[in-house]
Amino acid sequence: MKYLRIKKQGDFQRLFQKGKRAFSPSLTMLYRPSDKMRMAISIGKKHGKSVRRNRIKRLLREAFRLTADQMKGTYSVILVPKVAETYTFETYQKHLQCMIKKEKL
RNA sequence: UGAGUUUGUUAUACGGUCGCGGGGCCUUUAAGGCAAUGAGGAAAGUCCGAGCAGCGUAGGACAGGGUGCCUGAUAACGUCAGGUGAAGGUGACUUCAAGGAUAGUGCAACAGAAAUAAACCGCCGAAACGGCUUGGCUUUGUCUUGAGUACGGUUUUUUAACCGUCGCCCAUUUCGGUAAGGAUGGAAAGGCGAGGUAAGAGCUCACCGAUAUCACGGUAACGUGGUAUGCCAUGUAAACCCCACCUGCUGCAAGAUUGGGUUUUUAUCGUAUAAGGUUGUCCGCCUGAUAAAAACCGUGAAUAUCGCUCGAGCUUGUCGGUGACGAUAAGCCUAGAUAAAUGACCGUACACGACAGAACUCGGCUUACAGACAAACUCAAAUU
RNA sequence: GGCGCUAUAGCCAAGCGGUAAGGCCAAGGUCUGCAAAACCUUUAUGCCCCGGUUCAAAUCCGGGUGGCGCCU
């Protein structure tokens, strides 16, 4: 499923202030309804050096691409990963599916 | 075979399905299709050097900063190459910010007699003084004569005592000579041996070292040999400094294009012997500057577009050079994002995959790094 | 991405070539019937880490690590 990326500083501010939050062991997700599907990943320096941060971003982007079809509406979404020892594609995908079911998107 | 030194290459590979970035071509008018292409040796640290860009001036002097054996390479460098010297290693080889301490200034704690300077102890010579038993003076020995069984007189059993004279030794004080020795210290006035001397001293000599100078070799750093020497004296210049050379400042968040400019009013400083700017100071040079409010137009301003990837470029060959490197011929185009692109799954192989992700671009340095491979050389042992 | 500053005891910090001031805290003691206050005593094996210069380095020089700030 195609999606757009969130780029503007104002969009980020609005989502962090007014968006709803969903939680899972590996992720925090902020979302609001919007006209098109939009997504962004926020990852800080506490996750490690650039190689590690890029790796997390790629895994999350792939997981979101594969699970976004299960959503019924269209939303703006920010994904914030939590600090962990190891990162795997499977746990991210599983936790994303759980959150979508729980919040009934 | 084992141990090692140096240099270089490489950094999982191949196939399938679904995806991502910027271009190209095609269909078509907002989307789709096609075949290519898409992180590194360090992309890192930002430690140097350049390009490039800006600074209403970049000009001079000083200050400040940097570099520091020699010759070369280079666009440039604090880099590289070849050499010199020193240090380390049996060796291959490695390491070195390696100018000047005799231009001047500063610092050298503690310890030590004394710290950059010759005072003290000591050793030696001369003179004076005469000493709780009048200090002592035959030899040998006990723990060592340092120096007189000296001469004359008196007493007396006596080689013993006393008095006088001359000489000597020791001690004390004063004056002078000396730098051999004095537990320290990172460093103590070239080292060691012999001669010499009252005691000593490069005072003299041999050897070693240092400095100066001459000759020869080398483009040079420097080396080799000869001669001379009042050996006039520590370390530190990654302390100030001196000498030689280099240096304007800021950095792509630089900057440019499109778009917000025009008019009016007010205030402050100043109106040319002044004020401001010129990124620390002076000379020189340049010029009005700053702030606020109102009206019209416009509304995207970190976010658009450019800068942005064809460049001191890469690959291969030939030639010159010991080498860094240069010249030349042919071929190639090889990321360009901007909340920021390389991922997921499956299969095969093995050694089971280290450090790590471009952000204007190059040349270096430094730091991180599982391993694999190649070449040259050294040492040790064994065999032929 | 670029440019700077900084690191000293549990905390705040001075020192900037000669062997780590001071304050708070902590521990022990004196005082007290017991406390508080007051007074006295004690704590850095070395100044973020690794090398170098020096007789000697927290200090000077080079490299690394962590923290903080500025430039839109």
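**Entry 1: K45.** I looked up K45 and found it in the loop between strand 4 and helix 2. This is a predicted model, so I treat each entry as a reading of a prediction. Is K45 buried or exposed? I counted 8 other C-beta atoms within 10 Å of K45; a residue with 12 or fewer is exposed, so K45 is exposed. I then checked K45 against S76: the two are 31 residues apart in sequence and 24 Å apart in space, C-alpha to C-alpha.

**Entry 2: M39.** For M39 I found 19 other C-beta atoms within 10 Å. Burial needs 20 or more and exposure 12 or fewer, so M39 is partly exposed. Which residues does M39 touch, leaving out those up to four places away in sequence? I noted Y3, R5, I6, F64 and V77. I also looked at M39 and R61, which are 22 residues apart in sequence and 8.9 Å apart in space, C-alpha to C-alpha.

**Entry 3: helix 2 and helix 3.** I turned to the pair of helices. In general, two packed helices are described by the angle between their axes and the distance between the axes. Helix 2 covers residues 50-67 and helix 3 covers residues 89-103. I found that their axes come within 9 Å and cross at roughly 45°. That angle is why I call helix 2 oblique to helix 3. I noted the crossing of the two helices as right-handed.

Which residues make the contact? From helix 2 I listed L59, L60, E62, A63, F64, L66 and T67. From helix 3 I listed F89, Y92, Q93, L96, Q97 and I100. Sorted by class, the contact has nine nonpolar, three polar and one charged residues.

**Entry 4: chain A as a whole.** I went through the secondary structure of chain A and found three helices and five strands. Along the sequence they follow the pattern β-α-β-β-β-α-β-α. The radius of gyration of chain A is 13 Å, close to the 13 Å that the globule rule gives for 105 residues, so I record chain A as being as compact as a globular protein of that length. Along the principal axes, the C-alpha trace spans about 35 × 30 × 25 Å.

I noted that 16% of the 105 residues of chain A count as buried. Last, I looked at contacts between residues at least 6 apart in sequence: 80% of them join residues at least 24 apart.

Notes:
Residues are numbered from 1 along each chain as its sequence is written. Chains are lettered from A and ligands numbered from 1 in the order in which they are written. This is a predicted model: local features need pLDDT of at least 70, side-chain atom pairs count only at pLDDT 80 or more; totals for chains, interfaces and linings use all residues. Axes are lines fitted to C-alpha atoms, for helices over the stretch in contact, and angles run from 0 to 180 degrees between N-to-C directions. Helices (H or I, at least four residues) and strands (E, at least two) are DSSP runs, numbered from the N terminus. Angles under 35 degrees count as roughly parallel, over 145 as roughly antiparallel, 65 to 115 as roughly perpendicular and the rest as oblique. A crossing is left-handed if the near helix is turned anticlockwise from the far one by less than a right angle, and right-handed if clockwise. Two residues are in contact if their C-beta atoms, placed from the backbone, lie within 7 Å. Ala, Val, Leu, Ile, Met, Phe, Trp, Tyr, Cys and Pro count as nonpolar, Asp, Glu, Lys and Arg as charged, and the others, Gly among them, as polar. The radius of gyration is taken over C-alpha atoms; the globule rule is 2.2 Å times the number of residues to the power 0.38.
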